[in-house]
Amino acid sequence: MKKRRWIQRILHILAVLIGVSFLSFLLMDLAPGDPVRSLFAVSGTIPSEEALEEMREELGLNEPFLVRYGNWVWDCLHGDFGTSYSEGQPVAQLLAARVMPTVWLALLALVLMLVLALPLGILSALHQNRPLDYLLRGGTFLGISMPNFWVGLLLLYVVAMKWKLVPVVSNQITFQRMLLPAFTLAFAMAGKYARQVRAAVLEELRQDYVAGARARGISEKKILWCHVLPNAMLPLLTLLGLSLGSLLGGTAVVEVIFSYPALGSLAISAITSMDYPLIQGYVLWIALIYMAVNLVVDLSYNRLDPRLRKEVAR
């Protein structure tokens with residue numbers, strides 16, 4: 001049964017990759033504009049029609065759509081994702097250079113989000129329908145309502161420019177450099193997750209096993225930390241996986257505001273210059289990340305929930 005499930009997952013991943021790559025390739029082909037003209041515009045030259053046709057022939061843009069897509073897929077299977085039009089470097093090399101800054105930013109944002117969301121959600125649940133609960137729920141609603149770009153600009157102005165606690169721009173990826181963009185990303189997520197934690201904890205507190213534990217004289221702290229929280233956190237794994245996938249895909253607005261060299265800012269520059277190979281490589285990267293994270297979340301469910309392990313074993 002396990003072998004069959006793994007085969008199904010692999011086939012599902014392959015089908016999603018083919019579908020995502022084909023649709024993104026088709027949408028770029030249908031998009032208005034000419035990448036060759038954009039390439040010459042960036043260099044500041046006005047090309048002739050002969051030069052444009054020669055460049056299109058060199059890049060293979062005169063080939064039919066299915067031929068170009070088939071050639072690109074064949075090259076990808078051999079580890080070649082093409083060469084960036086605007087940068088003149090291999091796409092794989094450009095993406096690899098931005099991976100680690102993206103990973104560190106995503107992990108720091110998740111840690112900051114959990115540090116904020118877990119205490120707020122637990123306190124709100126333990127003080128349900130009391131003044132503290134109303135205050136915390138109002139704060140989380142305010143956090144969700146604030147757009148990332150506004151929070152980022154506010155933090156950049158106050159913390160970096162007024163208080164001068166962190167550098168505005170730096171060529172090195174340090175903890176101080178990552179702190180403001182990571183907190184900007186964590187701020188909105190913290191409000192959403194705090195509300196989810198509150199709902200999950202309240203649902204567990206209403207379960208019969210909690211009443212039974214109280215009847216046996218078990219302390220409220222032990223019930224909360226040993227029974228309620230482990231069960232309440234399990235449904236949040238899916239949300240954490242989706243959030244990690246979106247963060248690893250790059251958060252373009254925040255990265256542009258803080259001039260942070262990660263995947264999101266690379267994607268923005270690729271879109272503005274109509275750099276088809278770089279855009280296609282970026283889309284494929286996001287698809288791989290989401291599927292890998294979802295696979296890890298599924299495996300985590302199987303390891304953490306005994307009921308799922310029994311179902312898989314059948």
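**Exercise 1. Locate Leu 116 in this predicted model and decide whether it is buried, partly exposed or exposed.**

Step 1. Start with the secondary structure: Leu 116 is found in helix α5.

Step 2. Now turn to its accessibility. The relative value for Leu 116 is 30%. Buried would require under 20%, and exposed over 50%. Leu 116 therefore counts as partly exposed.

Step 3. Look for its partners beyond the residues up to four places away in sequence: Leu 116 touches Phe 183 and Ala 190.

Step 4. Finish with a distance. From C-alpha to C-alpha, Leu 116 and Met 189 are 9.4 Å apart, while 73 residues separate them in sequence.

**Exercise 2. Describe how helix α5 packs against helix α6.**

Step 1. Find the two helices: α5 covers residues 91–126, and α6 covers residues 131–145.

Step 2. Take the geometry next. The axes of α5 and α6 lie 8 Å apart, at an angle of about 145 degrees. The crossing of these two helices is left-handed.

Step 3. List the residues that meet. From α5 come Leu 120, Leu 123 and Ser 124; from α6 come Asp 133, Leu 136 and Arg 137. Sorted by class, this contact has three nonpolar, one polar and two charged residues.

**Exercise 3. Characterise the crossing of helices α8 and α10: how are they oriented, and which residues meet?**

Step 1. Begin with positions and geometry. Helix α8 spans residues 175–205 and helix α10 spans residues 220–233. Their axes come within 9 Å and cross at roughly 130 degrees.

Step 2. The handedness of the crossing is right-handed.

Step 3. Identify the contacts. On the α8 side you will find Val 197, Ala 200, Val 201, Glu 204 and Leu 205. They meet Val 228, Leu 229, Asn 231, Ala 232 and Met 233 of α10.

Step 4. Sort these residues by class: eight are nonpolar, one is polar and one is charged.

**Exercise 4. Step back and describe the chain as a whole: how many helices and strands does it have, and what are its dimensions?**

Step 1. Count the elements: the chain has 15 helices and zero strands.

Step 2. Take the dimensions along the principal axes: the C-alpha trace spans about 85 × 60 × 30 Å.

Step 3. Consider burial and surface. The chain has 314 residues, and 38% of them count as buried. Its accessible surface comes to about 18100 Å², with 66% belonging to carbon and sulfur atoms.

Step 4. Finally, look at contacts with a sequence separation of 6 or more: 73% of them join residues 24 or more positions apart.

Note on methods: Residues numbered from 1 in each chain as written. Predicted model: local features only at pLDDT ≥ 70, side-chain atom pairs only at ≥ 80, totals over all residues. Heavy atoms only, no water. Axes fitted to C-alpha atoms, helices over the stretch in contact; angles between N-to-C directions. Helix = DSSP H or I, 4+ residues; strand = E, 2+ residues; numbered from the N terminus. Left-handed = near helix turned anticlockwise from the far one by under 90°. Contact = heavy atoms within 4.5 Å. Nonpolar A, V, L, I, M, F, W, Y, C, P; charged D, E, K, R; others polar. Buried < 20%, exposed > 50% of the residue type's maximum accessible area, 1.4 Å probe, protein only. Areas by Shrake-Rupley, 256 points an atom, 1.4 Å probe, with all protein chains shown as cover.
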